[in-house]
Amino acid sequence: MTKVQVNVGTLADMGKRFVGAWNRAAAGKKENETHVTFLDVQTMLDTLSLRRLELLRHVRQHGAGNVRELAQALGRDYKNVHQDVAVLESAGLLLREGRKLSAPWDELQANVSLMAA
C-alpha cells in the first residue's frame, strides 16, 4: 500500500523529516516516503475539501487523461476542476505527466499536532 503523509507543522518540522530520511538512506535503508506539509490547519482543510478529495479518489481509481476528461467524468464545471487540479498539484497531492493526471497513493494520512502553536 502506498500512502502520502499530510502534516501540519513548521518548516523546521519539514526539515527534520527530510534530514531523518536522508540519514536513513545514507545508512543504506530503503526510503519510500511521501510527505506534504501545510503550515496551518486551515490551509490543509481548505486544500483537502470534500470536492478535492472526491477528485483525488476518482483519479486514483480511474486515472485522468486531462482536466477536461476529469471534469466530464465528475460532472463538474471545467473551470472549477481546473482550479482544484492546480491547488492539488501545487500541494504535491496530484501529479501530472504531460496532460495525464495521477494520484499514486492508496491512502492519505493526515497528522495534526496538538502541541504546535
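Before the details, a word on conventions. Residues are numbered from 1 along each chain as its sequence is written, and side-chain values use heavy atoms, with hydrogens and water left out. Since we are looking at a predicted model, local features need pLDDT of at least 70 and side-chain atom pairs count only at pLDDT 80 or more, while totals for chains, interfaces and linings use all residues.

Let me begin with confidence, where pLDDT is the predictor's confidence in each residue, from 0 to 100. The chain averages 89 on that scale, and 97% of the residues score at least 70. Helix α1, residues 11-26, has the lowest confidence in the chain with a mean of 80, whereas helix α5, residues 78-91, has the highest at 97.

Turning to the overall fold, the chain has five helices and five strands, which are DSSP runs numbered from the N terminus, with helices being H or I of at least four residues and strands being E of at least two. In sequence order the pattern reads β-α-β-α-α-α-α-β-β-β, and the C-alpha trace spans about 45 × 35 × 20 Å along its principal axes. If we take contact to mean heavy atoms within 4.5 Å, then among contacts with a separation of 6 or more, 66% are between residues 24 or more positions apart.

As for the surface, the chain exposes about 7,900 Å², of which carbon and sulfur atoms supply 53%; these accessible areas come from the Shrake-Rupley method with a 1.4 Å probe, and for residues only the protein chains shown count as cover. Of the 117 residues, 28% are buried, where buried means under 20% relative accessible area, exposed means over 50%, and partly exposed lies in between, again with a 1.4 Å probe and protein chains only.

Now to the charged pairs. How many salt bridges does the structure hold? There are four, a salt bridge being a side-chain nitrogen of Lys or Arg within 4 Å of a carboxyl oxygen of Asp or Glu.

I will take the pair of D84 and R52 to start, whose side chains meet at 2.8 Å, N to O. D84 lies in helix α5 and R52 in helix α3, residues 50-62, so this pair ties together parts that are 32 residues apart in sequence. Are these two residues buried or exposed? Both D84 and R52 are buried.

Another bridge joins D106 and R60 at 2.4 Å, N to O. This pair links distant parts of the chain, with D106 in the loop between β4 (100-102) and β5 (107-112) and R60 in helix α3, 46 residues apart. D106 counts as partly exposed because its relative accessible area is 43%, and R60 is likewise partly exposed, at 35%.

E89 also forms a salt bridge, with R96, where the closest N and O atoms are 3.2 Å apart. E89 is partly exposed at 30% relative accessibility, and R96 is partly exposed at 37%.

Let me move to a polar residue, Q5, which lies in strand β1, residues 3-8. Its relative accessible area is 18%, so Q5 is classed as buried. Which side chains does the side chain of Q5 meet in polar contacts? One is that of Q109, at 2.8 Å, and another is that of N111, at 2.9 Å; a polar contact here is a pair of N or O atoms within 3.5 Å, where within protein one must be able to donate a hydrogen and the other to accept it, and residues adjacent in sequence count only if both atoms are side-chain atoms. Leaving aside neighbours within four places in sequence, Q5 is in contact with T34, H35, V36, Q109 and N111.

G92 sits in the loop between α5 and β3 (95-97), and with a relative accessible area of 26% it is partly exposed.

Finally, L11, M14 and L39 make a nonpolar surface patch of about 310 Å². L39 is placed in the loop between β2 (35-38) and α2 (41-47), and is exposed, with a relative accessible area of 56%. Patches are made of residues with over 30% relative accessible area and no salt bridge, with like charges joined within 9 Å and nonpolar side chains (Val, Leu, Ile, Met, Phe, Trp, Tyr) within 5 Å.
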